[in-house]
Amino acid sequence: MRSAAAVLRKDLLIELRTLETVPAMALFSVTTFVIFHFALDRARLGGQLGAGVLTATLLFAAMLAVNRLFVAEREQGGFDAFLLAPVDRTAMLLAKATALLVFLVVLEVIAVPFFALLLAPAHLGAGLPGLVVMLALGDCAFAVIGTLVSAIAVQTRARDLIGPIVGLPLLVPALIALARGIGPLLRDGGSVLPPGRWVAVLALYDVVFVLVAYAVFDFLLED
Amino acid sequence: MSPDSPAVIELAGLTRHFGERTALQDVTVEVPRGATLAVLGRNGAGKSTLLRVLATLLRPHAGTVRLFGEELPRRGWAVRGRLGLLGHEPLLYRDLTGRENLRYHARLHAVVPARVDEVLEAVAMLGRADDPVRSLSRGMVQRLAVARAVLHAPDLLLLDEPRSNLDPGAGELVEPLIGRSSAATRVITSHDPRAALQEADLALALRDGRAVYAGPAGGLDDSAISELYA
């Protein structure tokens, strides 16, 4: 935990200093909402349509962070420095996934109000607790899978392509569960709680990929 | 060999490939505790690869590698805290300050925070410790890299061109940390083979990844050095 905290602290400090990742994610999301607002010529997108726009936007914004997650480690010797230390290599997985999770939460704190302002139905307020639960579960999936994919992609020359090519198919089930879970919350007069089935699917997906990541991450750092 | 073997480094038939290319072939050498091994050879001879294998960053593809009696890569975790690597890359984050970088490494190596200021002072970088690394000269970055490599007081120093970018004054400054007086066992490569041999007890001469000489540093004369770099 000590070494994971050290890596996480370092990553957050670098992001605070450079502002390379989160502002780009936020700008991408807000711009996308503005485009949908005018392109669809609708002031409000309720139900499943709104959920689709929100989740797809967050997914693509997350890919921006996934592509950059290990760049400093690769380009500035961070991998070697970490591998030279007498620490459990899983600490890197824990730290990077947590850093990505933090980036996603900050993104959503910015993006969801803009979504509500530009596109969402008035009903969003009542469904907000359910939305927070679904986004938290979705963020876990994005963070764990994104970290795995980023660790693979950064070892390749075509890392900007490998991230989306490998990451998006792996994230499709999570995206479907997230969108189907959020849809009823955005419907006028809709549910206050997300459907249990989709909450369970997303939670199960999170658990499975946490276990997969734990099992394979060491090998990704190997020579 | 048992874990209390007097040799810190034991290589027997070490071989390492990169795809089709053989970077190291059948390299055998032993380095006793406290000794300095100078690794010589032209560019691409396999010097840096050898250091990276010793640093546990590359796996040997054949042969055996033992550090402190522990076999690599299986027991790499047992020796990592006892190694200090000073390579071509400083292993410092450009957007962090020198102090922040060293604090990060101190946390990874479970070193007390006070040690950070101690090594910063030793490399005369206390005054610029709070400047981002990207704003420092190459010589200053190299001094920070020296501080990073010795932060956890390693027993084995792996030094790849350690004095590159250092002016003579800075070279003297880092001497107690990475020089002969550091008391650590050392493996050193240098652009200047004669200088490297002067501070070495043993020499390993590599040509195209093969050892063409392994023995006392005094056993390589000027003509042998010239032939090695011809």
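Start at Gly69(B), which counts as partly exposed because 17 C-beta neighbours lie inside 10 Å. A residue is called buried if 20 or more other C-beta atoms lie within 10 Å of its own, exposed if 12 or fewer, and partly exposed in between, with C-beta atoms placed from the backbone. Gly69(B) sits in the loop between S4 and strand S5 (70-72) of chain B. Helices (H or I, at least four residues) and strands (E, at least two) are DSSP runs, numbered from the N terminus.

The model is predicted, so local features need pLDDT of at least 70 and side-chain atom pairs count only at pLDDT 80 or more, while totals for chains, interfaces and linings use all residues. Residues are numbered from 1 along each chain as its sequence is written, and chains are lettered from A and ligands numbered from 1 in the order in which they are written.

**Strands of chain B**

Select residues 7-18 and 21-32 of chain B. These are strands S1 and S2, which run antiparallel and are joined by eight bridges; two strands pair if DSSP finds at least two bridges between them. Within this pair, Leu14(B) is opposite Val27(B) of S2(B). S1(B) and S2(B) make a hairpin with two residues between them, and Gly19(B) in the turn has a positive phi of about 65°.

Five bridges connect S4 to S1(B), and the two run antiparallel. Here Ile9(B) faces Leu67(B) in S4(B).

Next, select strand S6, residues 83-86 of chain B. Leu83(B) and Leu85(B) point one way, Gly84(B) and Leu86(B) point the other way, and all are buried. Strand S7 (residues 156-160) of chain B runs parallel to S6(B) and is joined to it by four bridges. Leu86(B) has Leu159(B) as its bridge partner in S7(B).

**Helix H3 of chain B**

Move to residues 98-108 of chain B. Nine of the eleven residues of this helix, H3, are buried, so it is largely enclosed by the rest of the structure. Among the buried residues are Glu100(B), Arg103(B), Tyr104(B) and His105(B). Which elements cover the buried residues of H3(B)? They include H1 and H5 of chain A, together with helix H4 (114-122) and helix H5 (138-150) of chain B. Following H3(B) is Ala110(B), with a positive phi near 55°.

**Where the chains touch**

Show both chains. The contact takes 21 residues from chain A and 22 residues from chain B; two residues are in contact if their C-beta atoms, placed from the backbone, lie within 7 Å. On the side of chain A that touches chain B, the elements giving two or more residues are helix H1 (2-18) and helix H5 (78-83) of chain A. H1(A) gives the most, with eight residues. By class, this side of chain A has eleven nonpolar, five polar and five charged residues. Ala, Val, Leu, Ile, Met, Phe, Trp, Tyr, Cys and Pro count as nonpolar, Asp, Glu, Lys and Arg as charged, and the others, Gly among them, as polar.

**Helix H1 of chain A**

Keep H1(A) selected. This helix has 17 residues and reaches 24 Å from its first C-alpha to its last, close to the 24 Å expected at 1.5 Å a residue; the expected span is 1.5 Å times one less than the number of residues. Its buried residues include Val7(A), Leu8(A), Lys10(A), Asp11(A) and Ile14(A). Their cover includes helix H2 (22-39), helix H4 (71-75) and helix H6 (90-118) of chain A, together with H3 of chain B. After H1(A) comes Leu19(A), whose phi is positive, near 50°.

**Thr57 and the whole of chain A**

Select Thr57(A), found in helix H3 (residues 47-68) of chain A. Is Thr57(A) buried or exposed? Thr57(A) is buried, because 23 other C-beta atoms lie within 10 Å. Apart from neighbours within four places in sequence, Thr57(A) is in contact with Ser29(A), Thr32(A) and Phe33(A). Thr31(A) is 26 residues from Thr57(A) in sequence and 9.8 Å away in space, C-alpha to C-alpha.

Chain A has nine helices and zero strands. Of its 223 residues, 50% count as buried. The C-alpha atoms of chain A fill a box of roughly 55 × 35 × 30 Å, taken along the principal axes.
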